[in-house]
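Please consider the following chain with its sequence and coordinates at hand. The paragraphs below begin with confidence, continue with a sheet and a helix, and end with a single residue.

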Amino acid sequence: MEWRTCPQWPEYEVSERGDIRRTLCRFGNIGLRKPYRAANGRLMIAMRHCGKTRACHISRLVLEAFVGPAPSSKHQCAHNDGNPDNNHWSNLRWATASENQMDRVAHGTSNRGERFGRVRLTQPQALEAKRALACGTHPAIIAAQYDVAVTTIKSIKQGRSWAWLQEEA
């Protein structure tokens, strides 16, 4: 397994698969670091330097060490297979936010539709609401039918929510 120095963290090394180890420390705290999972599902690691701690995405550390710096400040780390646990350098690439979002849709990992935590309608209900709106039914009538706010139905009508269902309608 190949190890490389983290570009912005010279006292740390990262392996080709995303293991992190500290190589230099005044206090003898050398060895593999334990990652934790952030709220967004990505693996993170706490990095210390000059008495300050910073949380870093492991995938970003791997990319910076094995591929190079991001082409621009707008580029993000993208997982080719959609699995945030697979941080091998060959599975990672730099991508723009829109490219990364398209990947999430392709992998089925985006927070759209029923996967969105605050959704009030199921996919079949949203599709039926779209059809009713297309037939000219008033949004207030549809909202009462599904016990949701009128603004929820208006968001569907205006394409702010469930817009991707048009492809399947």
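In which helix of the chain is confidence lowest, and in which is confidence highest? This is a predicted model, and its confidence is lowest in helix H2 (residues 97-107), where the mean pLDDT is 79. The highest value, 95, belongs to helix H1 (residues 58-66). Over the chain, pLDDT averages 84, and 86% of the residues score at least 70. Where pLDDT is low, the predicted coordinates should not be read in detail.

The sheet may be considered next. Its 3 strands follow the order S5-S6-S7 in an open, antiparallel arrangement. Strand S5 (36-37) and strand S7 (52-57) are at the edges; each has a single partner strand, and therefore one side of each lacks a neighbour in the sheet. The antiparallel pairing of S5 with strand S6 (residues 43-49) extends over 2 bridges. Within this part of the structure, Tyr 36 stands opposite Met 44 in S6. Helix H1 lies across S6 and S7, and runs at about 80° to S7.

Attention now turns to Asn 91, which is located in the loop that links strand S8 (76-79) and strand S9 (92-95). Is Asn 91 buried or exposed? Its relative accessibility is 7%, and because buried means under 20%, Asn 91 counts as buried. The Asn 91 side chain reaches the backbone oxygen of Asn 86 at 2.9 Å. Leaving aside residues up to four places away in sequence, Asn 91 touches Ala 78, His 79, Asn 80, Asp 81, Asn 83 and Asn 86.

Note on methods:
Residues numbered from 1 in each chain as written. Heavy atoms only, no water. Helix = DSSP H or I, 4+ residues; strand = E, 2+ residues; numbered from the N terminus. Buried < 20%, exposed > 50% of the residue type's maximum accessible area, 1.4 Å probe, protein only. Polar contact = N/O pair within 3.5 Å; in protein donor to acceptor, adjacent residues only side chain to side chain. Contact = heavy atoms within 4.5 Å. pLDDT = per-residue confidence, 0-100. Pairing = 2+ DSSP bridges. Axes fitted to C-alpha atoms, helices over the stretch in contact; angles between N-to-C directions.
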